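Colleague: I would like a close look at one part of this model, with the terms spelled out as you go.

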Amino acid sequence: MAKVTIDGISIEVPDGTTILQAARMIGGDIVPPTMCYHSKLKTSGGYCRTCIVKVGKGSEKDPRPMPKPVASCRTTVMDGMEVQNLTSPDLLEARAGVVEFLLINHPLDCPVCDQAGECDLQNLAYENGKAGTRYEFPRREFERIDIGDKIQLHMNRCILCYRCVKTADQVTDGRVHGVINRGDVAEISTYIQNAVDNDFSGNMIDVCPVGALTDKTFRFKSRVWYTKPMDAHCNCTKCSGKVRLWFKGEEVLRVTGRRDQFGEVTDWICNECRFDKKKTSDWTIEGPAHIDRDSVVSANHYESLKALKTDIERQRKSLPHGDKVTLGHGALNPNNQ
Ligand code: SF4
Ligand code: SF4
Ligand code: FES
């Protein structure tokens, strides 16, 4: 076991645990943001540098500080290590620099981007970036590439996190795309325009932290904050069948995998569940999905509908016959959840 202290909070973790995993075990605001790491994907992490932390003391045996910020998703803890994240202004300044780099070539067209409202880069820029940009040059732009009838690639928005490449490698039965070229001409592309249509390829949409890979069957049918996420399952022979349905009224607009509090997919789902089962009768509905992230989606507080119903019932019982029930904001107050 190794004892590590992060922002003044100590925890004992098994040897081999990374700083990021230790921070997640502690939980709360001290958990560094991540864009390329995904716990279900082996060898992910180490590309985006948003998870950097300052190591003020390397270990009990060697207390020297590490000379520069380290990627917490790729650095294992040592016994006696002392780490700073939110408590170091220098580190926060360095992370703001990382965000600035990520945004150098990013189009910043959130109002017309399908990912808006559930975008990790939006959240990252809002929480760790700076208003304004110092970049004066034209942003790089790419021609559209057709990678099949289900997934839209919009390379302008890609941050080269490699998550989709690792998903294709580890979850589907054949990878037909990857990162070609290097430096500022690097891009995601299929080999000779092969369509990405193998059974689990839709999971690449879910792991993409930005709007570079989006679902063609859902694109621009609605803004995500007008939809109502519900957890549901079915008996699927290919995958777990555990999904999230995104309703608009009675209509299922989109099917995705479920995500945890770090925005990471919990169960991979097959393309049949994702793209072909869009009828409510295909699913057993479990109830409103818990969105535990900074997202306008969670602002809808669907989970409090139960509280709203109880409130209406309570008022109805207490009022004289014939009086109307008024809907106070109390039932919709997130603090009541
Ligand atoms: S990918 Fe995210 S940050 Fe980029 S334009 Fe779309 S919503 Fe905005
Ligand atoms: S397309 Fe999305 S998942 Fe793939 S490398 Fe680009 S940003 Fe990452
Ligand atoms: S999340 Fe650690 S480098 Fe990207």
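In which loop is Leu 160 found?

Modeller: This is a predicted model, in which local features need pLDDT of at least 70, side-chain atom pairs count only at pLDDT 80 or more, and totals for chains, interfaces and linings use all residues; side-chain values use heavy atoms, without hydrogens and water. Residues are numbered from 1 along each chain as its sequence is written, while chains are lettered from A and ligands numbered from 1 in the order in which they are written.

Leu 160 is found in the loop between strand E6 (151-153) and helix H4 (163-170). Helices (H or I, at least four residues) and strands (E, at least two) are DSSP runs, numbered from the N terminus. Leu 160 has a positive phi of about 55°, although it is not a glycine. Most residues other than glycine have a negative phi.

Leu 160 is also one of the residues around ligand 2, where a residue is near a molecule if one of its heavy atoms lies within 4 Å of it. By class, the shell around ligand 2 has twelve nonpolar, no polar and no charged residues. Here Ala, Val, Leu, Ile, Met, Phe, Trp, Tyr, Cys and Pro count as nonpolar, Asp, Glu, Lys and Arg as charged, and the others, Gly among them, as polar.

Ligand 2 sits in the largest cavity. On a 1 Å grid over the protein atoms alone, a cavity is a set of points where a 1.4 Å probe fits but cannot get out; a molecule sits in it if more than half of its atoms lie within 2 Å of its grid points.

Asp 7 lies in the loop between strand E1 (2-6) and strand E2 (9-13). Asp 7 counts as buried because its relative accessibility is 14%; buried means under 20% relative accessible area, exposed over 50%, and partly exposed in between (1.4 Å probe, protein chains only).

Conventions: 1 Å grid on protein atoms, 1.4 Å probe; cavity = no way out; pocket = protein on both sides within 12 Å on 5 of 7 lines; lining within 4 Å.
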